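These are my notebook entries on one site and one chain contact. I opened the sequence and the structure before writing anything down.

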Amino acid sequence: MSLDRGTPAAAGSVSAAELVARFGGTLLGDGTVPLRRIAPLQRAGADELAFLSQAAAGAQLRGAVAGCVIVPPACAGQAGALRAAIVTPDPYLYYARVAQWFAARDARPAPPGVHALAAVDAAARLGEGCSVAAGAVVEAGAVLGARVVLGAGCFVGADAVLGDDTVLEPRAVLMHGCRLGARCIVHAGAVIGADGFGFARDERGAGVKIPQTGRVLIGDDVEIGANTTIDRGALDDTVIGDGVKIDNLVQVAHNVRIGEHTAIAGCVGISGSARIGAYCLIGGGVGIAGHLEIADRVVVGGMSLVSRSIRRSGHYTGAFPLDTHDNWAENAATLRQLARLRDRIRQLEQQNEARQPGDHNPS
Amino acid sequence: MSLDRGTPAAAGSVSAAELVARFGGTLLGDGTVPLRRIAPLQRAGADELAFLSQAAAGAQLRGAVAGCVIVPPACAGQAGALRAAIVTPDPYLYYARVAQWFAARDARPAPPGVHALAAVDAAARLGEGCSVAAGAVVEAGAVLGARVVLGAGCFVGADAVLGDDTVLEPRAVLMHGCRLGARCIVHAGAVIGADGFGFARDERGAGVKIPQTGRVLIGDDVEIGANTTIDRGALDDTVIGDGVKIDNLVQVAHNVRIGEHTAIAGCVGISGSARIGAYCLIGGGVGIAGHLEIADRVVVGGMSLVSRSIRRSGHYTGAFPLDTHDNWAENAATLRQLARLRDRIRQLEQQNEARQPGDHNPS
Amino acid sequence: MSLDRGTPAAAGSVSAAELVARFGGTLLGDGTVPLRRIAPLQRAGADELAFLSQAAAGAQLRGAVAGCVIVPPACAGQAGALRAAIVTPDPYLYYARVAQWFAARDARPAPPGVHALAAVDAAARLGEGCSVAAGAVVEAGAVLGARVVLGAGCFVGADAVLGDDTVLEPRAVLMHGCRLGARCIVHAGAVIGADGFGFARDERGAGVKIPQTGRVLIGDDVEIGANTTIDRGALDDTVIGDGVKIDNLVQVAHNVRIGEHTAIAGCVGISGSARIGAYCLIGGGVGIAGHLEIADRVVVGGMSLVSRSIRRSGHYTGAFPLDTHDNWAENAATLRQLARLRDRIRQLEQQNEARQPGDHNPS
């Protein structure tokens, strides 16, 4: 369903000169070599394009036999020995764009139309060129923009809305009333719009369900990973901004708001009503507590717990350092008396101060 | 499939006086205002009902224009300025009950019957009023109680049993022989009854699968989150008590037992044969080691690892505090020598004691 | 779909003598008792087989009424009081093999053929004896070996390959071009071959998708847990070795390599391009950073973060110890000044040294 479909049969080729004409950059060497695909630098052959994103790794260019390598300006000198090179300030971005162009060339577009084994309600509206695969189900009132692709076994609930060119990979679920913008990709098994986790406790301590009547509203160009879950709001909506990228197995609780172009790595859990800024990078396995705010352009290191608001842009971390099990066990046991150790240090300092009245310790 | 279906078209309205007649509480102000739905206090309008759950947040009542606000007794004075208020000891619980009543009013019940694109084995038994959506599959010997709803693409394995009024949201999976009680909700993509993770090692170190022949037995009024997994037992069963609420992306391993009315937040992992008491609250991202016991009414803070049994009710936590990355890096490095620091403190104390024989330090 | 199908109707029985003839071991006591199934030692009856895996738990044999118990050599003496016993060096492995034999006896094999509500492309190739359940979808070019079982609602993408006797449980997804070896089991909801999480940043900070054109290549005898996700490679492939066992809700990012017979517990997250050795045991909830290497035969304790390569076999851990919330709060706050505490200890030591020039402290 997505643009990429495995190693292509190399339907054609392109020259470095053509790439520079299309994507910019400065050409070094022979621009006429036909390039059939992209490959990792270490094993790219004479008909393949490679890239080197970090100038510090320039030594990897020695011995490279790729037909062409995309390099940063600092490597332009070393690149002289290559068959051909394209010099550009951000080789990784250049690679992304060329790779998208190759992928589009090799794409096998999903066949338009509704498969005989799909169930599309008569009261759903499908834009032109939509493709609905076998096993997909679309309920009444749902609205699909132009060229929307629903993979095998997808579910689109009543009154849900999908923008133009949005793709749901197989088994993705978009519950009733939720909205996805244009050009979004929802990977297999993701669930958007399940009920948030909200319960009152009755007089005997049993949970009484809070009906979750908000929606999930997702902007344009958002990508959502496989088996990720994004809950609908309780009263208000859960809101995901334009360009947000979310990896696999991420949990986004009800009423969370995520600012535009933030990227969230796998296995992150975001608790209810948290507000995450724009252009943030949240590392894998991070936990974010509820009802807090994270400013724009915050980076959180993997496996950290964010238990209070982060008001300023910056890089934050909190994760126990790995050690051999025996060392860890001894240090972890000691950690449980750390506050007492601090008190003992203070006492030692006071004893020393009592003996040396002129000598001051920080505390 | 669930009772809530997005913001309703406000099929009707209800007055505060009617709510008090139905749900109790003390009415202040004008009880005749028609209320069409529930909304957050900050943006509730004159035809909307709001609630204030914490007395400490009473300042939020100033300027509120909601048609009626549910408030705790401590806010009864401030509520005098409102159009109307309902005073009740637990506004959040009151809100839950009113919201359920609104949701039931607005519900679009799933149509009874079996969709033409569902596959229900002739040897399955369906109670009256069951609804089986497109793509759902029910194997031989399965038993569905009255008014069970199977969403699109659900799977119910051979001999599985679902109690009355239980709902499986789209793509939920209940494997063979497992049992769900009455009034349960299983959210999209949840998998109940996959094999537990059990292997012996053969002479060469390769894993030899332990067949997982136990079941998953789930009580009444249980809610299970989207893409959560609950494994079947190895020999004995995995057992989930009445009223347990489990959030999204939670892993419950084989032979785990969870006591009644315990709530488990998202991304929790519970290892095999752990026994968790009743009325516990397990925070998001918590890990629980195998073969241990947690007493009733235990609260575990988010991202903590429970590596030993917890014998007494109480609030337990273990999570690295967040810091700027640079501070964290320095403290984390130091943490790896913590036991040595403790020894050095002890040595300093001994030196001081040697000099001051009458002065005692704790150790 | 799997071999185990709940507590069987005990289609037949077997004697201890027959088991010894088939699986080895030394018989003690009456080898003729008919054994109808396996049960936990504490509740196994006279027609049931039990096992005791650890010699240290030998006291559990007292009062046991099982028809036969599998025991280690150290318990051979105590086993004399039992009706019958089988003595073997590794009772757990012996149990696994007997349990597999019982499970095969009780299995209800999936019916061969393609269900009328499945959608198998005419350009897919199915080996002999394949079973494709309702709702399953198989795209063009896919190749299924002999006796492959696709559960309800599975998806097999274009050109994907499944080896002989491999089973996809309901709703499992194998994306285009990916390969599974022989005798693999993929549990419900697992997603193999979704796009890896790769984006370049453009000039305005927006993500530009890196097309993920690699595959997932999985060896023989691999088991993959429910709702686990394994991403396809970016340019190269993601590779999982023979005999690897992966539990539920695990995230394996693009270009990861996992060596043979490694076992990975639930809720683990493995970042891109990490290389994990053979015969490793990765505990539940562990996070593994990207672009690092873990040697063979490494054990990582639950909830640890592996942020650097582990070059040597051994047992490694890093997890905050649980405590009462109040103690934790005090220790965690102190932890944030740990490096300063270390400096204060050093200063105290220097003060003491200045006073006692002959007395040396470690540092």
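I take strands as DSSP runs of at least two residues marked E, numbered from the N terminus. I also note that this is a predicted model.

Entry on C:A274. I looked up the place of C:A274 and found it in the loop of chain C between β32 (269-270) and β33 (275-276).

Is C:A274 buried or exposed? I record C:A274 as buried, because 21 other C-beta atoms lie within 10 Å and the cut-off for a buried residue is 20 or more.

I then listed what C:A274 touches, leaving aside residues up to four places away in sequence: C:V256, C:I288, C:G290, C:H291 and C:L292. I also checked C:A274 against C:R336; the two are 62 residues apart in sequence, and their C-alpha atoms are 30 Å apart in space.

Entry on chains A and B. I found that 68 residues of chain A and 68 residues of chain B take part in the contact. On the side of chain A that touches chain B, the elements giving two or more residues include β21 (191-194), β39 (314-317), α3 (325-335) and α4 (338-355) of chain A. Of that side, α4(A) supplies the largest share, six residues. Sorting the side of chain A that touches chain B by class, I noted 29 nonpolar, 27 polar and twelve charged residues.

Entry on strand pairing. Which strand of chain B is joined to β39(A)? I found strand β40 (residues 323-324) of chain B, joined to β39(A) by two bridges, with the strands running antiparallel. I noted that A:Y316 stands opposite B:T324 in β40(B).

Conventions:
Residues are numbered from 1 along each chain as its sequence is written. Chains are lettered from A and ligands numbered from 1 in the order in which they are written. This is a predicted model: local features need pLDDT of at least 70, side-chain atom pairs count only at pLDDT 80 or more; totals for chains, interfaces and linings use all residues. Helices (H or I, at least four residues) and strands (E, at least two) are DSSP runs, numbered from the N terminus. A residue is buried if 20 or more other C-beta atoms lie within 10 Å of its own, exposed if 12 or fewer, and partly exposed in between; C-beta atoms are placed from the backbone. Two residues are in contact if their C-beta atoms, placed from the backbone, lie within 7 Å. Ala, Val, Leu, Ile, Met, Phe, Trp, Tyr, Cys and Pro count as nonpolar, Asp, Glu, Lys and Arg as charged, and the others, Gly among them, as polar. Two strands pair if DSSP finds at least two bridges between them.
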